[in-house]
Amino acid sequence: QVQLVESGGGLVQAGGSLRLSCAASGLSFSNYNMGWLRQAPGKEREFVARMTWSDITDYEDSVKGRFTISRDNAKNTVYLQMNSLKLEDTAIYYCAAVHKLRTGLYVGRKSYEYWGQGTQVTVSS
């Protein structure tokens with residue numbers, strides 16, 4: 001069974017850093033595009049970052065230069081390094097995956113085949 005298990009969320013002060021991890025199992029990890037999305041209270045879920053199976057990356061404008069997505073195929077894990085955190089980064093962060101040959105069935109930056117359970121990130125002043 002496919003599972004995406006997130007870790008690393010928590011409480012940090014504004015300006016601080018946090019590193020999220022997402023461990024994948026039950027899938028051929030190196031053949032999947034991976035993404036991070038988030039949802040703040042009262043807001044729609046939004047795209048944060050993605051990395052394709054071929055290591056192409058893309059970021060939402062508000063996190064560009066502060067967040068870095070990476071992957072370790074040997075560990076079946078994708079990471080999100082978050083630096084210079086702001087109050088508006090507070091949200092539940094989700095890890096997601098879609099097979100490279102099925103991307104045509106999942107249209108849009110918020111559309112993925114598999115989802116993690118989410119992990120809370122809270123930024124305080």
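Visitor: Which residue stands opposite Gly35 in strand 5?

Guide: Two strands pair if DSSP finds at least two bridges between them, and strands (E, at least two residues) are DSSP runs numbered from the N terminus. Here Gly35 stands opposite Arg50 in strand 5. Strand 4 (residues 32-39) and strand 5 (residues 46-51) run antiparallel, joined by five bridges. The model is predicted: local features need pLDDT of at least 70 and side-chain atom pairs 80 or more, while totals for chains, interfaces and linings use all residues. Residues are numbered from 1 along each chain as its sequence is written, and side-chain values use heavy atoms, without hydrogens and water.

Visitor: Which residue takes a positive phi in the hairpin of strand 4 and strand 5?

Guide: Gly42 does, with phi near 75 degrees; six residues lie between the strands.

Visitor: How many aromatic pairs does the structure hold?

Guide: Rings of Phe, Tyr and Trp (its six-membered ring) pair if their centres lie within 6.5 Å; planes under 30 degrees apart count as stacked, over 60 as edge-to-face and the rest as tilted. The structure holds three such pairs. One of them is Tyr94 and Trp115, edge-to-face at 6.4 Å centre to centre, with 80 degrees between the planes. Tyr94 lies in strand 9 and Trp115 in strand 10, 21 residues apart. Tyr112 and Trp115 are also edge-to-face, at 6.0 Å and 80 degrees. Tyr94, Tyr112 and Trp115 form one aromatic cluster.

Visitor: Where does the charged end of Arg45 sit?

Guide: A charge sits over a ring if NZ of Lys or CZ of Arg is within 6 Å of the ring centre and within 35 degrees of the ring normal. The charged end of Arg45 sits over the ring of Tyr94, 4.0 Å from its centre. Arg45 also lies over the face of Trp115, at 4.7 Å from the ring centre.

How values were computed
Helices (H or I, at least four residues) and strands (E, at least two) are DSSP runs, numbered from the N terminus.
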